[in-house]
Amino acid sequence: MPVHRRFRDVIRIGPVQVATYFDGRGRDKHTAACSAPGCGFSADYHDRSGAELAARTHRCKA
């Protein structure tokens, strides 16, 4: 069964979007995902500052 996540507190840092969501157990998780075509970067973090740091230091290979 697919997971449907509802993202909140979405911000954009360059081509990377950072958002917060609840995982399946009700805990806050944070994700950073690049929206550039062909990049494919995305990662989940336990804290918001880690996701924002990844967004600021990400360099697209696409």
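What follows is a dialogue on the sheet, its hairpins, one histidine and the overall dimensions.

Trainee: What kind of model is this, and what applies to local features and totals?

Mentor: It is a predicted model: local features need pLDDT of at least 70, side-chain atom pairs count only at pLDDT 80 or more, and totals for chains, interfaces and linings use all residues. Residues are numbered from 1 along each chain as its sequence is written, and side-chain values use heavy atoms, with hydrogens and water left out.

Trainee: Which secondary structure elements does the protein have, and in which order do they run?

Mentor: Helices (H or I, at least four residues) and strands (E, at least two) are DSSP runs, numbered from the N terminus. From the N terminus the order is β-β-β-β-α.

Trainee: How do I read the sheet?

Mentor: Strands of a sheet pair through backbone hydrogen bonds, either parallel or antiparallel. Two strands count as paired if DSSP finds at least two bridges between them. This sheet is open, has four strands in the order S1-S2-S3-S4, and pairs antiparallel. Neighbouring strands are turned by 20° against each other on average, direction ignored.

Trainee: How many bridges join each pair of strands?

Mentor: S1 (residues 8–13) and S2 share four bridges. There, Arg8 stands opposite Thr20. S2 and S3 (residues 28–34) share seven. In that pair Phe22 faces Asp28, and Ala19 has Thr31 as its bridge partner. S3 and S4 share four bridges, with Ser42 in S4 as the bridge partner of Ala33.

Trainee: Which residues take a positive phi in the hairpins?

Mentor: In the hairpin of S1 and S2, Gly14 has a positive phi near 65°, and two residues lie between the strands. The hairpin of S2 and S3 has five residues between its strands, and Gly26 takes a positive phi near 85°.

Trainee: Are S2 and S3 mostly buried or exposed?

Mentor: Buried means under 20% relative accessible area, exposed over 50%, partly exposed in between (1.4 Å probe, protein chains only). S2 (residues 16–22) is mostly covered, with five of its seven residues buried. In S3, five of the seven residues are buried, so S3 is largely enclosed by the rest of the structure.

Trainee: Where is His30, and what does its side chain contact?

Mentor: His30 is found in strand S3. Its relative accessible area is 10%, so His30 is buried. The His30 side chain makes a polar contact with the side chain of Thr20 at 3.0 Å. A polar contact is a pair of N or O atoms within 3.5 Å; within protein, one must be able to donate a hydrogen and the other to accept it, and residues adjacent in sequence count only if both atoms are side-chain atoms. Contact in general means heavy atoms within 4.5 Å. Leaving out residues up to four places away in sequence, His30 touches residues including Ala19, Tyr21, Tyr45 and Ala51.

Trainee: Why call the radius of gyration consistent with a compact globule?

Mentor: The radius is taken over C-alpha atoms, and the globule rule is 2.2 Å times the number of residues to the power 0.38. For 62 residues the rule gives a value near 11 Å; the protein has 12 Å, which agrees. The C-alpha trace spans about 35 × 25 × 15 Å along its principal axes. Buried residues make up 31% of the 62.

Key:
Axes are lines fitted to C-alpha atoms, for helices over the stretch in contact, and angles run from 0 to 180 degrees between N-to-C directions.
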